[in-house]
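Please find below a colleague's note on the model.

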Amino acid sequence: MLHILNILNMFKYISFSLTCMFSYTKIFFWGITIYLSKKEKEKNQKIYQCLLKNILSSGSVPIKFIQWLIPFLYITMEPEYHYILEMFKETYENCLFHSMEETEKIYLELFKNDINDDYENIQEISSGSIGQVYKITDKNTKKDYALKVIHPFVRYELFIVKYFIYYLTKLFDINNIILFDLNLFLIDFEQQKDFINEGNNIMYFYHQYKDNHKIKIPQLNYLSNDLLIMEFLEGKKINDFKEHNQYKYSLLFLLFVNNNLQFLKLNHGDLHEGNYKIN
C-alpha cells in the first residue's frame with residue numbers, strides 16, 4: 001500500500017512540475033508580447049490584464065516575485081504609469097484559494113484532530129502568494145482567531161524554481177539583464193515560506209507594542225512551519241476610508257514604521273495595504 005502511495009505522489013509531483021513549466025511559459029509569452037508590442041506597451045491594459053491573470057493562476061513563486069518587484073517599479077517607473085502597478089496589487093490578497101480539504105489535512109497532521117471539532121464559523125478572508133487566512137471561532141471560548149495556513153506545493157515549487165534559476169544563470173548573466181539579483185528574491189522567499197520566522201516577528205512586535213493603545217499587534221496562539229493561529233483584530237483596509245482620511249492614517253502608519261527603523265532597528269520588509277488595517 002505504501003509503495004502505491006509513493007508512486008501516486010511521484011506522479012502528482014511530476015504533474016505539478018509540468019503544470020508549473022506550462023504556466024511559466026505562458027507568463028513568458030505575455031511578457032515578450034508586452035516587450036515587443038509596437039503600441040504604447042505601458043498603456044496596453046488588456047495585455048497587462050492577461051499577464052496578471054496568468055500570474056495569479058501560476059502558483060506562489062510568480063505571485064511573490066511580482067509582489068517583491070512592485071516597490072522597485074514604483075521607484076523606477078514614471079508616475080503616470082503607476083496605474084499599471086495598481087492593477088498588479090491584486091497579487092497581495094486576491095490570489096487563488098486552495099481547497100478547504102487541503103487546510104483540513106494540514107491541521108489534522110499537526111493537531112491529530114479535525115479542525116471542525118475545534119472551531120466553527122470558518123470563513124476565508126484572503127489568500128496571498130504563500131498562504132491563505134481564515135477567520136475562525138473557538139467552539140469552547142467563542143473567541144475569534146485568524147488562522148494562516150501555507151499553500152500546498154509551495155516548497156516544491158520553490159525547489160523547482162531555484163534549480164531553474166541556477167541553470168539559467170549558468171547560461172546567461174541574468175541579473176544584469178533584469179537589473180537586480182534574483183538570489184535576493186529567493187532568499188526572501190525562503191524565509192517567508194517558513195511561518196516560524198513570521199511567528200517570531202509577531203511575538204517580538206507584540207511585546208514591543210503590548211502597552212500601546214494606538215498600534216495593536218495580534219497575540220500569537222499557535223506556531224508551526226505550515227500554520228499559525230493568532231488573535232483576530234477587526235479593521236478596514238485604508239482604501240475603505242474616504243480619501244481625505246487616507247493621508248492621515250498613512251501618516252500614522254509611517255510614524256510606526258519610522259519608530260521601528262529608528263529605535264528597534266527593524267524594517268517590516270513587506271509593507272502593503274493587506275498587511276495592516278485601520279480601526
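The points below go through the structure in turn.

1. Basis of the note. This is a predicted model, in which local features need pLDDT of at least 70 and side-chain atom pairs count only at pLDDT 80 or more, while totals for chains, interfaces and linings use all residues. Residues are numbered from 1 along each chain as its sequence is written, and side-chain values use heavy atoms, with hydrogens and water left out.

2. Main core. A nonpolar core is a set of buried Ala, Val, Leu, Ile, Met, Phe, Trp, Tyr and Cys residues joined through side-chain atoms within 4.5 Å; buried means under 20% relative accessible area, exposed over 50%, and partly exposed in between (1.4 Å probe, protein chains only). The largest such core has 32 residues, and Tyr119, Leu147, Phe189 and Leu227 have the most contacts inside it. Among the elements that give two or more residues to this core are α5 (100-111), β2 (131-138), α7 (154-171) and β5 (227-231). The most comes from β3, with five residues. Helices (H or I, at least four residues) and strands (E, at least two) are DSSP runs, numbered from the N terminus.

3. Leu227. Counting heavy atoms within 4.5 Å as contact, Leu227 touches, beyond four places away in sequence, residues including Ile106, Leu110, Leu147, Val149 and Phe195.

4. In α2, the buried residues are Ile47, Tyr48, Leu51, Leu52, Asn54, Ile55 and Leu56.

5. Strand β2. Eight of the eight residues of β2 are buried. Gly131, Val133, Lys135 and Thr137 lie on one side, and Gln132, Tyr134, Ile136 and Asp138 on the other.

6. Pairing. Two strands pair if DSSP finds at least two bridges between them. Strand β1 (residues 119-127) runs antiparallel to β2, with six bridges, and Ser126 stands opposite Val133. A hairpin of three residues joins β1 to β2. Seven bridges join β2 to β3, also antiparallel; there Lys135 has Ala146 as its bridge partner.

7. Backbone angles. Most residues other than glycine have a negative phi. Which phi does Lys112 have? Its value is positive, about 55°, and Lys112 lies in the loop between α5 and α6 (115-118). Lys112 counts as exposed because its relative accessibility is 68%. Lys142, in the loop between β2 and β3, has a positive phi near 65° and is exposed, at 51% relative accessibility.
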